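Please read the following walk through a protein model alongside its sequence and coordinates.

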Amino acid sequence: MQSFDFKCPTEVVFGRGAEEQVPEKLKAYGAKRILIVYGGGSVVRSGLLGRIECALTTAGLVFTSIGGVQPNPRVGLVREGVRRVLAHQLDFILAVGGGSVIDSAKAIAHGAANPDTDVWDFWCGRAQLTQSMPVGVVLTLAAAGSETSDSAVLTNEDTGKKQGLNSPLNRPVVAFLNPELTYSVPKHQLVAGSCDILMHTLERYFTAVKAVNAFTDMVAEALMRNVVTQLRVAVAHPDDYDARSELMWCGSVSHCNFTELGRCKDFACHRLGHELSGMFDVTHGDSLTTMWGWWAEYVYHDDVARFAHYAEAVWDVHEGTDEAKAKAGIAATVAFFREMGMPTCFSELGIGELNQVTIHNLADSFSAGGTKRVGSFHPIDKATAIEIYNLANH
Ligand code: NZQ
Ligand code: ZN
């Protein structure tokens, strides 16, 4: 097992009515003047935003709200949020929504704590993040895992670049997880989010670290099996509390680094997907299921035994050689994506067949102009990215 340092400080308040504890918990974290961040309106329609605002008022807390966060959240709205925090001298950011809202809240916190730096500079590496503000989360969608993760992903609408930032300062101080709040998530978003949950563990399961790591492997395999099982239940019965609970908790565990301990990250598929989202504004989970099967087909020769182990542990493939099992495990994963109605190539993703100039542009951005390789299981350079994009290009 590789050495590690694990600190996941987010307080998780889980269960029915969890969000009712918002005023009391926020006060405990020193909040007096709050910025509420939300998305395109689902929390307005459900009444959740109104209930939270009412509870904050009753508790004597001051707040102002900013809505309109879009999926693949834009830095422009983040800059507006920073201005609000500074103008109203706010001291706490509360995200009410999914990953895009949470990532915007994290970015607003960073920007407001560093008013002399343009917030995008932290994402493009021009500035180092050393301080931020406290962020809380009322989660409405089990997917990105941003409620416990040390990551935040933004899109610069001027350049079309979608970029992640990893920092311990991205960890929210508190997250309220009420599975009932996810009942209203549309089916495709439920499925895309759950595939993202799967991917966060897959991207840590296939890595450069080959040493024995039995416990982390067992946690990872149990999580992936559970997501597959519970997603089928949640699709058939959207208001199944137990299935929604399992998915919600798996989402938080899958991306808090717990399924990585003793290994390391890969995340090449995420980066391949982010380029597609940055250029075509496609849903994050869709970009991942489009790329994973092709990535796996390209790299599995590097460690056939590992892919065979995955096939046995997650998909109950027990017959044949390691080579046959490895292939069957990849096929089972892709078949599950298809069963759930997820895209597995560019035409299914809705972007059609791309010309080679576009493929080169995607690979160029992926590899920072050909200067960087991404991932650890099989580090992907620009030329390899072109090959993998081309495998998906039909
Ligand atoms: O905007 P509203 O109206 O709220 O609707 C949203 C949005 O249209 C809707 N939704 C959310 N909760 C709902 C609901 N609709 C009905 N009922 C509810 N309860 O779902 C749509 C998608 O929301 P979004 O927040 O974009 O989805 P998700 O949670 O999947 O987040 C995706 C974003 O997170 C990033 C992705 O790249 C993408 O930008 N990621 C963030 C990570 C992190 N910070 O750790 C890690 C991930 O790998 C990922 O990259
Ligand atoms: Zn993801």
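Is D316 buried, partly exposed or exposed? This is a predicted model, in which local features need pLDDT of at least 70 and side-chain atom pairs count only at pLDDT 80 or more, while totals for chains, interfaces and linings use all residues. Residues are numbered from 1 along each chain as its sequence is written, chains are lettered from A and ligands numbered from 1 in the order in which they are written, and side-chain values use heavy atoms, with hydrogens and water left out.

D316 has a relative accessibility of 44% and therefore counts as partly exposed; buried means under 20% relative accessible area, exposed over 50%, and partly exposed in between, with a 1.4 Å probe and protein chains only. D316 sits in the loop between α12 (304-315) and α13 (322-339). Its phi is near 55 degrees, a positive value in a residue other than glycine. Most residues other than glycine have a negative phi. F267 also has a positive phi, of about 65 degrees, and is not a glycine. F267 belongs to the loop between α9 (241-254) and α10 (268-280) and, at 13% relative accessibility, counts as buried.

The protein chain as a whole contains 16 helices and eight strands. These elements are DSSP runs numbered from the N terminus (helices are H or I with at least four residues, strands E with at least two). For 394 residues, a compact globule would have a radius of gyration near 21 Å, and the 20 Å of the protein chain agrees with that; the radius is taken over C-alpha atoms, and the globule rule is 2.2 Å times the number of residues to the power 0.38. The C-alpha trace spans about 65 × 45 × 40 Å along its principal axes. Buried residues account for 59% of the 394. Of the contacts between residues at least 6 apart in sequence, 76% join residues at least 24 apart, where contact means heavy atoms within 4.5 Å.

One helix pair can be followed in detail. Helix α7 (residues 187-205) packs against helix α8 (residues 214-236) at an angle of about 170 degrees, with the axes 10 Å apart. The axes are lines fitted to C-alpha atoms, for helices over the stretch in contact, and angles run from 0 to 180 degrees between N-to-C directions. The two helices are therefore roughly antiparallel, a term for angles over 145 degrees. Residues in the contact include L190, V191, I197 and L198 of α7 and L223, M224, V227 and L231 of α8.

T207 lies in the loop between α7 and α8 and is buried, with a relative accessible area of 2%. A polar atom of its side chain lies 3.2 Å from the backbone nitrogen of V209. Apart from residues up to four places away in sequence, T207 touches R263, C264, K265, D266, S376 and F377.

Two further buried residues are L61 and I388. L61, at 8% relative accessibility, is in the loop between α3 (48-58) and β3 (62-66). Beyond its neighbours within four places in sequence, L61 contacts P23, K27, A31, K32, I34 and L56. I388, in helix α16 (residues 382-391), has a relative accessible area of 0%. Not counting residues up to four places away in sequence, I388 touches L272, M291, W294, W295, Y298 and I380.

Technical notes: Parallel < 35°, antiparallel > 145°, perpendicular 65-115°, else oblique. Polar contact = N/O pair within 3.5 Å; in protein donor to acceptor, adjacent residues only side chain to side chain.
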